[in-house]
Amino acid sequence: MTQWILDWGLPLTLCLAALYVFAVRATSPSSVYRVFTLIDAPRHWLLWTASLVGWLLVPAIIGGFAGHVIAERISRVKSISTNTLFQQRKLRQRLRPPGLIDNLSSYFHGSYARQDFVDGWVRVAHRNDWAKAQDHWEVYVRDMMSTQQYAHLDRHECLRQAQNTGKMALGFTARTGLCIVCERRR
């Protein structure tokens, strides 16, 4: 893919940029844009070329993007085996209500590992802002649960493993004063 971009993408981009520059010199930038997107009819030979390129290129770009998105979705679904994908849940699993993401205030008086996690996550990474720490904890666990590695698990096991993984990963970064969610939201 990268080789194709270097072989064809760069020369095509340079040709399109040169066409745009010369067409802009003949008319205005808005006219070139309107002709390229097939809104207006071309009135100059350079605009005819821009219109032809737009007629050929715009559907190709949209189709390529749509094809890429569809191929990614198909590959994600194919990576999960059909045995686990369409496995019927047991009656006990169906009747049991979904679990809730842990409230961090319950960790404060919990085991030493939970106290250590809360100390790093709330006190160090979020500077004693309990509401922000709880919100970022829930965002991280929610995003972790929607990854492909947990897709084959039932909802309770998925929640348990996502929270355990979150405690390990976030506990390690929290000791250095970093919150992944805070960094992403900047």
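**Salt bridges and surface**

Tutor: Asp119 and Arg123 are joined by a salt bridge, and their closest N and O atoms are 2.6 Å apart. The model is a predicted one.

Student: Why are Asp119 and Arg123 separated by about one helical turn?

Tutor: Side chains of opposite charge can pair when their charged atoms come close. Asp119 and Arg123 both belong to helix H6. They are about one helical turn apart because their spacing in that helix is four residues.

Student: How many salt bridges does a search of the whole structure find?

Tutor: The pair of Asp119 and Arg123 is a salt bridge, and Arg185 with Asp135 is another pair that meets the rule. The search of the whole structure gives a total of six.

Student: Which residue forms a salt bridge with Arg175?

Tutor: The rule asks for a nitrogen of Lys or Arg within 4 Å of a carboxyl oxygen of Asp or Glu. For Arg175 the closest N and O atoms of the pair are 2.4 Å apart. The partner is Asp116.

Student: How many residues apart in sequence are the parts that Arg175 and Asp116 tie together?

Tutor: Arg175 is in the loop between H8 and helix H9 (180-185), whereas Asp116 is in helix H6 (residues 112-125). The pair therefore ties together parts of the chain whose separation in sequence is 59 residues.

Student: Is Asp116 partly exposed or buried?

Tutor: A residue is buried when its relative accessible area is under 20%. Asp116 has a relative accessible area of 27%, so Asp116 is partly exposed.

Student: Which residue meets Arg185 in a salt bridge?

Tutor: The N to O distance in this pair is 3.4 Å, and the cut-off is 4 Å. The side chain that meets Arg185 is that of Asp135.

Student: In which helix is Asp135?

Tutor: The salt bridge between Arg185 and Asp135 links distant parts of the chain, 50 residues apart. Arg185 is in helix H9. Asp135, which is partly exposed at 34% relative accessibility, is in helix H7 (residues 130-145).

Student: Which residues form the positive surface patch that includes Arg155?

Tutor: Residues in a patch have over 30% relative accessible area and no salt bridge. Arg155, in helix H8 (residues 155-174), has 33% and is partly exposed. The positive patch is formed by Arg155 together with Arg89, Lys90, Arg92, Arg94 and Arg96.

Student: What is the area of the nonpolar surface patch made by Leu38, Leu52, Trp55 and Leu56?

Tutor: One of its members, Trp55, is in helix H3 (residues 45-78). Trp55 counts as exposed at 55% relative accessibility. The patch made by Leu38, Leu52, Trp55 and Leu56 has an area of about 440 Å².

Student: How many disulfides does the count come to?

Tutor: Two cysteine sulfur atoms must be within 2.5 Å to count as a disulfide. Cys182 is in no disulfide, as the nearest cysteine sulfur, that of Cys179, is 3.6 Å away. Cys182 is buried, with a relative accessible area of 14%, whereas Cys15 is exposed at 51%. The count of disulfides comes to zero.

Student: Where is Arg127, which has a positive phi although it is not a glycine?

Tutor: The phi of Arg127 is about 50 degrees, and Arg127 is exposed, with a relative accessible area of 60%. Asn128 also has a positive phi, of about 65 degrees, and lies in the loop between H6 and H7. Arg127 is found in the loop between H6 and H7.

Student: What distance separates the C-alpha atoms of Leu46 and Val139?

Tutor: Leu46 is in helix H3 and is buried, with a relative accessible area of 12%. Leu46 and Val139 are 93 residues apart along the chain. Their C-alpha atoms are separated by 52 Å.

Notes. Residues are numbered from 1 along each chain as its sequence is written. This is a predicted model: local features need pLDDT of at least 70, side-chain atom pairs count only at pLDDT 80 or more; totals for chains, interfaces and linings use all residues. Side-chain values use heavy atoms; hydrogens and water are left out. Patches are made of residues with over 30% relative accessible area and no salt bridge: like charges are joined within 9 Å, nonpolar side chains (Val, Leu, Ile, Met, Phe, Trp, Tyr) within 5 Å. Accessible areas come from the Shrake-Rupley method with a 1.4 Å probe; for residues, only the protein chains shown count as cover. Lys and Arg count as positive and Asp and Glu as negative; His and the chain ends are not counted. The place of a charge is taken as NZ of Lys, CZ of Arg, CG of Asp or CD of Glu. Helices (H or I, at least four residues) and strands (E, at least two) are DSSP runs, numbered from the N terminus. Buried means under 20% relative accessible area, exposed over 50%, partly exposed in between (1.4 Å probe, protein chains only).
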